[in-house]
Amino acid sequence: MAEQYQVSGASASAISVSIETGIREGRIEAGAALPPVRTLAEELRVSPATVAKAYGELRRRGVIEAHGRRGTRVRSRPPVAPSRAALRVEVAPGVWDVSAGEPSVHHLPPLGPRLSEVAAGLGGPIGYTHGGVLPDLADAARERLAAGGVPMADADITVTGGTLDAIERLLTVYLRPGDAVAVEDPGWANLLDLVAVLGLEAVPVAMDQSGPVPSSLERALSLGARAVVITSRAQNPTGASVSPARRLELRPVLAAHPGVLLIEDDHAAELATTALQCLGPVTGSWAFVRSASKPFGPDLRIAVVAGDETSIARVAGRMRIGSGWVSTMLQRLLLRVWQDPSVATWVETAAGVYENRRETLLRALRERAVQAVGSAGLNVWVRVPDETRAVSVLREAGYAVAPGSLFRIDSPPGIRITVSDLDPERVDPLADAVAVAVHPSSVAAPSR
């Protein structure tokens, strides 16, 4: 924390306001460490309980977060942004953007013709009493998930407005502010923000390319995590996928905590090139979420959710007192997309393109002694000694990458590179620039 800024206040509310004012005015930087509770209490001549209450309130609002041995720190970015564009890395004119983490618009299937077919097949208008999950979509989803390895014998089905919508509803109906959630570290930035917004405590779970590390998950559950969110395949930002061997290791860990809510996020869905290793049902409450956004386009805001009867009923009930249901037109469009063989071919081709680009970049980085991983999906995760320097050096070389601070809690520094629009001729120049960013003694990166 900047030495020139002095926290003030004699009550918990006044202290929290003082800290938040410093953050808002930029006098306390993002990621800055706050003084230990007892230290600040002595400086302000208040009781440690008063400072602890102020810190607790700021944590519940997502302004600060606990970092274990590293103490309490200001979040790297606000838990609520005014628009989705505000979450994007700022890209200056002339800089090539490899930070987005999104599929390429050039490899998304055209939905216009399918939308026209859906519109032509619509009957008359429907009323409020006829909304809900379309039976035909539910049947198709059940068959599709079962074919992919999701146990559907005792599972119910519902539909939400995307993956984050499903996860938010599940966490809301099971947890209360202050409860702990085990999350992947590094993990999906939007999920970390959601956990903060809901007033929940994020407990980090270490990752490798086979998925969550069992010992780290066990530690998180032992610390009292009441829910755990695990990415099945193509994890963002590391590209990890749960392997068959890791599935066998994780299931007993979860089974030992039957009261935990298990949420499996299969965001890559049809775009994934690795086989699905479903973990549930292994606890009393379980949900498997598959979104349509990655394979078919971010504007198709719909996700299918399978899970135990109680979890699905709670999500559906929560929707009834809010948005009610996902538009039946969107549901019909997803069903039509699923039924179209040409769309399946389009998505399969896109998956092959992404895999080739990812492997090409990984190979080039390894040739330059750069430590990088990404076994599936759209992203490559590169370990760096200094994120700020790496991002700055790459920006000067003409590349915008995502800093690892957006995704990390306690894990080592890194950067995320998205391969969606990575043309073959640009791989070597990008790899050269990354090598310079990682190894300062490297030859200067060539201009683009």
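This is a predicted model: local features need pLDDT of at least 70, side-chain atom pairs count only at pLDDT 80 or more; totals for chains, interfaces and linings use all residues.

Visitor: At what angle do helix 1 and helix 3 pack?

Guide: Helix 1 covers residues 12–24 and helix 3 covers residues 48–60. Their axes lie 8 Å apart, and helix 1 passes helix 3 in a right-handed crossing. The packing angle is about 50°.

Visitor: How do the residues of the contact of helix 1 with helix 3 divide by class?

Guide: Helix 1 passes helix 3 in a right-handed crossing. Helix 1 contributes Ala12, Ile15, Ser16, Ile19 and Glu20, while helix 3 contributes Thr50, Val51, Lys53, Ala54, Tyr55 and Leu58. These residues divide into seven nonpolar, two polar and two charged.

Visitor: Are helix 6 and helix 11 roughly parallel or roughly perpendicular to each other?

Guide: Helix 6 (residues 163–174) and helix 11 (residues 309–320) have axes 9 Å apart and pack at an angle of about 105°. Angles of 65 to 115 degrees count as roughly perpendicular. The two helices are therefore roughly perpendicular.

Visitor: Which residues of helix 11 make the contact with helix 6, and how does that contact divide by class?

Guide: From helix 6 come Arg169, Leu170, Thr172, Val173 and Tyr174, and from helix 11 come Thr310, Ser311, Arg314, Val315, Arg318 and Met319. By class, the contact has five nonpolar, three polar and three charged residues.

Visitor: Which strands stand at the edges of the open sheet of four strands?

Guide: The strand order is 12-13-16-15, with antiparallel pairing. Each edge strand has a single partner strand, so one side of each is left without a neighbour in the sheet. The edge strands are strand 12 (372–373) and strand 15 (402–403).

Visitor: Which residue of strand 16 is the bridge partner of Val380?

Guide: Strand 13 (residues 379–383) pairs with strand 16 (residues 414–418) in the antiparallel sense, over five bridges. Within strand 16, the bridge partner of Val380 is Ile417.

Visitor: Which helix lies across strand 12, strand 13 and strand 16?

Guide: The helix in question runs at about 15° to strand 13. Helix 14 (residues 387–397) also packs on the sheet, but touches strand 15 and strand 16, and makes about 35° with the direction of strand 16. As for strand 13, four of its five residues are buried, so the strand is largely enclosed by the rest of the structure. The helix across strand 12, strand 13 and strand 16 is helix 13 (residues 341–367).

Visitor: Which residue in the turn between strand 12 and strand 13 has a positive phi?

Guide: Strand 12 and strand 13 pair in the antiparallel sense over two bridges, and Ala372 stands opposite Val382 in strand 13. The two strands form a hairpin with five residues between them. The positive phi, about 160°, belongs to Gly374.

Visitor: Is Ser285 buried or exposed?

Guide: Ser285 lies in strand 10 (residues 285–291). Beyond neighbours within four places in sequence, Ser285 contacts Tyr174, Val260, Leu261, Leu262, Asp308 and Ser311. Its relative accessible area is 13%, and the cut-off for burial is under 20%, so Ser285 is buried.

Visitor: Is Glu425 buried or exposed?

Guide: Glu425 lies in the loop between strand 16 and helix 15 (427–438). Its relative accessible area is 59%, where over 50% is required, so Glu425 is exposed.

Notes: Residues are numbered from 1 along each chain as its sequence is written. Side-chain values use heavy atoms; hydrogens and water are left out. Axes are lines fitted to C-alpha atoms, for helices over the stretch in contact, and angles run from 0 to 180 degrees between N-to-C directions. A crossing is left-handed if the near helix is turned anticlockwise from the far one by less than a right angle, and right-handed if clockwise. Contact means heavy atoms within 4.5 Å. Ala, Val, Leu, Ile, Met, Phe, Trp, Tyr, Cys and Pro count as nonpolar, Asp, Glu, Lys and Arg as charged, and the others, Gly among them, as polar. Two strands pair if DSSP finds at least two bridges between them. Buried means under 20% relative accessible area, exposed over 50%, partly exposed in between (1.4 Å probe, protein chains only). Angles under 35 degrees count as roughly parallel, over 145 as roughly antiparallel, 65 to 115 as roughly perpendicular and the rest as oblique.
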